[in-house]
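Please read it alongside the sequence and the structure.

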Amino acid sequence: MGIFDGLLGSRAADFDSGNAATNAIELTKRHHQVSLTKQGAATGNLRVNLTWRMRTSDIGGPQRESLLRHPFKALRPPEVVGHSQSMVNVDLDLGCLYELADGTKGVVQPLGGLLGDVNGAPYVKLSGDDRFGSASGETMYVNLDHREQIKRLLVFVYIYDQTPAFDRTHAVVTLYPSNGPRIEIGLDERHPQARSCAVVMIENVKDELMVRREVRFVYGFQAELDRLYGWGLQWGRGYKTKVEK
C-alpha cells in the first residue's frame, strides 16, 4: 500500500458519497478505505456477502469451438451453461478472522462449523455455506451495535477443495451497512495459484470504524493469512460434511 493511496481533496468527498448511479462505493487500490462512522453506518447489522461466477472468457473460450461442431448448443438457456460442471467444481468460502477488544481471537468459517454468533461474542455470524455459486452467495453478519467490543475483523475468501481457481472466477465481496451505500470489493486480479485472499479489514481505530480494502492473494490457507496479519492462532486440518448435488 503506497503513501499516495489515501483520499485527498474533493475527490475524497465524492468517493465517500458513493456512486449515485449504483448507490455503491467501490474500494480500489487508489481509493482503498472508507469510514462507516462518518457515513453514519456504524450501527445495526452489517451484512457481508460473497458472490462469484465463472469468467466469461472461460465460459466462452472452450465452448466457442464446440458450437461449430454442435450448433444446437447455442439454444441452451444461459442458466444451464452458467452452471456447467467447471463452475460447480469451484467452491469459494467466506470467512472472518476476529480480534475483540478484550484480546479474544478466533475465526468464523464453514470448516469445523465455526459459524459464530451475532448477538454474543464474536458478534459475527455466517449464515451458511454456498457450495455451488448460487445467486445469493454466502452471507455473514456483523453486529455493529457491539462495535466497542470489536478491535478488528479480516474478511477473507478461500478455496475449499485446494484446487486454485481464482483465475477462473469473478468474485465480489459486498458490504451492506444499515445506512448509506453498499461497499464493493472485486477480486479481479489474476492469481492462478492462489488458494486464499484477504479481502477487507474492518477495524476500530480511535472509536472510528474503518473499512479498508486488502485484496492480498496467498498460496496457502487460513494459517498463511494468520501469519501475514499476525493473529497468532493454532491451525489444524478441517473438513466439510458431504452434500448431495
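Glutamine 109 lies in the loop between β5 (105-108) and β6 (116-117), where helices (H or I, at least four residues) and strands (E, at least two) are DSSP runs numbered from the N terminus. This is a predicted model, in which local features need pLDDT of at least 70 and side-chain atom pairs count only at pLDDT 80 or more, while totals for chains, interfaces and linings use all residues. Residues are numbered from 1 along each chain as its sequence is written, and side-chain values use heavy atoms, with hydrogens and water left out.

Glutamine 109 counts as buried because its relative accessible area is 6%, buried meaning under 20%, exposed over 50% and partly exposed in between (1.4 Å probe, protein chains only). Beyond its neighbours within four places in sequence, glutamine 109 is in contact with residues including Leu94, Leu126, Phe156, Tyr158 and Trp235, contact meaning heavy atoms within 4.5 Å.

Glutamate 203, by comparison, lies in strand β12 (residues 196-205) and is partly exposed, with a relative accessible area of 22%. Not counting residues up to four places away in sequence, glutamate 203 touches Lys151, Arg152, Glu208, Leu209, Met210 and Arg212.

| Side chain | Partner side chain | Polar contact distance |
|---|---|---|
| Glutamine 109 | Glutamine 222 | 2.8 Å |
| Glutamate 203 | Arginine 212 | 3.3 Å |

Strand β12 belongs to an open sheet of six strands in the order β2-β13-β12-β9-β4-β5, with antiparallel pairing; two strands pair if DSSP finds at least two bridges between them. The edge strands, each pairing on one side only, are β2 (33-35) and β5. Within the sheet, nine bridges join β4 (residues 92-100) to β9 (residues 150-159), and these two strands run antiparallel. Cysteine 96 stands opposite valine 155 in β9.

The protein chain as a whole contains five helices and 13 strands, and 45% of its 245 residues count as buried. Among its contacts between residues at least 6 apart in sequence, 69% join residues at least 24 apart.

Definitions and conventions: A polar contact is a pair of N or O atoms within 3.5 Å; within protein, one must be able to donate a hydrogen and the other to accept it, and residues adjacent in sequence count only if both atoms are side-chain atoms.
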